[in-house]
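This briefing covers strand pairing, the nonpolar core and selected residues of one protein model. Please read it alongside the sequence and coordinates shown below.

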Amino acid sequence: SFPREAYLGIRPQDVHLEGPETLRMDGKVNIVEDAGAEKYVYAELPTGEEFIVRLFADALPEAKERISLYPDPKKMLLFDAKTELSLFAAPAAVRS
């Protein structure tokens, strides 16, 4: 049976600064980390949760700036809130 509660997860590289409005999540930038070719933006969502985005953009948001984030729906992950196991993963083989 499907769990009553689940967590939605997405990797930092699967979130973009552009996308369909139906997937938009607004946030406030806390930190922009320059890691060479990659840049990591740490943003706070209205729920208080931190969201990390990996970008390769030249034009980066600045700290305290409000931004819109767009997760790639094909890359979203779903986890059972109780067991923390993926709801999309195939069950592990049982060994005898």
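Strands (E, at least two residues) and helices (H or I, at least four residues) are DSSP runs, numbered from the N terminus. The model is predicted: local features require pLDDT of at least 70, side-chain atom pairs count only at pLDDT 80 or more, and totals for chains, interfaces and linings use all residues. Residues are numbered from 1 along each chain as its sequence is written, and side-chain values use heavy atoms, with hydrogens and water left out.

**Strand pairing**

- Five strands form an open sheet in the order S2-S6-S3-S4-S5, with antiparallel pairing; two strands are taken to pair if DSSP finds at least two bridges between them.
- At the edges of this sheet are S2 (15-16) and S5 (50-55), each of which pairs on one side only.
- Strand S4 (residues 38-44) runs antiparallel to S5 and is joined to S5 by six bridges.
- Within this pairing, Ala 43 is placed opposite Phe 51 of S5.
- Strand S1 (residues 6-9) pairs with S7 in the antiparallel sense through four bridges, and Tyr 7 stands opposite Phe 79 in S7.

**Nonpolar core**

- A nonpolar core is a set of buried Ala, Val, Leu, Ile, Met, Phe, Trp, Tyr and Cys residues joined through side-chain atoms within 4.5 Å.
- Relative accessible area sets the burial classes: buried is under 20%, exposed is over 50%, and partly exposed lies in between (1.4 Å probe, protein chains only).
- The largest core has ten residues, namely Val 15, Val 29, Val 41, Ala 43, Leu 45, Phe 51, Val 53, Leu 55, Ile 67 and Leu 69.
- At least two residues of this core come from each of S4, S5 and S6, and S5 gives the most, with three.
- Leaving aside neighbours within four places in sequence, Leu 55 has contacts (heavy atoms within 4.5 Å) with Val 15, Leu 17, Ala 37, Glu 38, Lys 39, Val 41, Leu 60 and Pro 61.

**Strand S7**

- Leu 77 counts as partly exposed because its relative accessibility is 23%.
- Leu 77 and Ile 10 are 67 residues apart along the chain, yet their C-alpha atoms are separated by 5.9 Å.
- Not counting residues up to four places away in sequence, Leu 77 touches Tyr 7, Leu 8, Gly 9, Arg 11 and Phe 88.
- Asp 80 is buried without a salt bridge, and the nearest side chain of opposite charge, Lys 82, is 7.5 Å away.
- A salt bridge here is a side-chain nitrogen of Lys or Arg within 4 Å of a carboxyl oxygen of Asp or Glu; for charge, Lys and Arg count as positive and Asp and Glu as negative, while His and the chain ends are not counted.
- A polar atom of the Asp 80 side chain lies 3.1 Å from the backbone nitrogen of Thr 83.

**Positive phi angles**

- Lys 64, a residue other than glycine, has a positive phi near 75°.
- Lys 64 is located in the loop between S5 and strand S6 (66-71), and its relative accessibility of 72% means that Lys 64 counts as exposed.
- Glu 84, also other than glycine, has a positive phi near 65°.
- The segment after strand S7 (77-80) contains Glu 84, which is exposed, with a relative accessible area of 58%.

Terms used
Polar contact = N/O pair within 3.5 Å; in protein donor to acceptor, adjacent residues only side chain to side chain.
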